[in-house]
Every structure is written in structure tokens, then in C-alpha cells.
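Look at the sequence and the structure first, then read on.

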Amino acid sequence: MISQLPPSTRRHALRLAGLALAAVVASCATKPPPVVSNTPASDQTAGALPLVNALRAKNGLPPLKIEPTASAAAIYQARRMADADKMEHLMGIGDDFGKRVKASGVKLPAAENIAEGQRDVNAAVTAWINSPKHLHNMLGKYNGLGVALAYAPTSGGKPYWSMVLSSN
């Protein structure tokens, strides 16, 4: 029993118990609702589509089409990354790719490619082609494409790219 411990040991044990309780409570806290971003983003699908379709044609695959829901999902992700100034598919506990893209109207299965630092759409698509996992996504059984670009307001305008491939 804690009451049988010497006073200094008891205080130490109570402090540790308090810290443990605080950690548990903090980990259970619900995350705040997403903030609507004012960060400008642009739809880059029209520039990316011929590059991706040329790649797909070279591999005997049918072309993709511009898909507005995939573009909306790509814009949302590019803004999230620019706002956070980090390239991540998932941002925070509870983030879920499937739920995120479905909220934009994207049918699953879907895939997402992300990039940072490329100054134009050609460089972004080339970076994805040179990455085996991203290349695999672009050669997948998808019908629609959306590509977006947003600049981080806090890092001198670092570009963040997002590509969503959809079954729409």
C-alpha cells in the first residue's frame, strides 16, 4: 500500500502516477476538427495527364481521364501538406486515406502519390516515375486522375504535390 511508504517515496510514487494518468488522458483526447485551409492550391491534372497516359501507353495500359473528385482529393492533400510544411500521407492519429478520399467522392480502390520540392508538373511526374512504389500506382487499374500543387506559406513557398488515382 502506498500509505505504508516513507513520505518522500510516497510523493515520488504519486507524482509518477499523476504523470502516467496525464499521459493516458492525453492519448485518449479527441483530435480537433480539421481546419479549412486558405492556402492556395492549383489543379495540375491537365499538365500531368499526358505524361501519365504516355507512361501507361508504353506499358500497354488504357489512358486515365481527368476526374474532378480525384482532383478535389489531391487539392485537399496538397493543402494539408503545405499547411503542415511536411510531406506525409497521414497527418496525425486517426487519419485515414480511404475515408479522406471517399469524403471527396473518390471511389475505392484509389492510390495517392505525394512529392515535395519539384518546381513544375514535369519534375513531379518524373520523380514519381523514378520511384518504384509511385510508378506502381500510376500503372495500376485506375480510371481517373487528379494532381494538385500547393505552396507552404511558412517555408518560403516550398511546393507540395499530390496525385490521386481513382476508380471513378
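Asp-85, Glu-116 and Lys-158 are linked in a network of salt bridges. This is a predicted model. Lys-158 pairs with Asp-85, and their closest N and O atoms are 3.8 Å apart. Lys-158 sits in the loop between strand 4 (144-151) and strand 5 (159-166), while Asp-85 sits in the loop between helix 3 (68-84) and helix 4 (97-103), so the pair ties together parts 73 residues apart in sequence.

Lys-158 also forms a salt bridge with Glu-116. Glu-116 lies in strand 3, so this pair ties together parts that are 42 residues apart in sequence.

How exposed are the members of the network? Lys-158 is partly exposed, at 29% relative accessibility. Asp-85 is partly exposed too, with a relative accessible area of 22%. Glu-116 counts as partly exposed at 31%.

Another salt bridge joins Arg-100 and Glu-112. Are these two residues buried or exposed? Both are buried. Arg-100 belongs to helix 4 and Glu-112 to strand 3 (residues 111-116), so the pair ties together parts 12 residues apart in sequence.

The count of salt bridges comes to four.

| Pair | Closest N and O atoms |
|---|---|
| Lys-158 and Asp-85 | 3.8 Å |
| Lys-158 and Glu-116 | 3.4 Å |
| Arg-100 and Glu-112 | 2.8 Å |

Now the confidence of the model. The mean pLDDT of the protein chain is 83, and 76% of its residues reach 70 or more. Over residues 19-35 the pLDDT is below 50. Beyond near neighbours in sequence, that stretch has four contacts in the model.

Terms used:
Residues numbered from 1 in each chain as written. Predicted model: local features only at pLDDT ≥ 70, side-chain atom pairs only at ≥ 80, totals over all residues. Heavy atoms only, no water. pLDDT = per-residue confidence, 0-100. Contact = heavy atoms within 4.5 Å. Salt bridge = Lys/Arg side-chain N within 4 Å of Asp/Glu carboxyl O. Helix = DSSP H or I, 4+ residues; strand = E, 2+ residues; numbered from the N terminus. Buried < 20%, exposed > 50% of the residue type's maximum accessible area, 1.4 Å probe, protein only.
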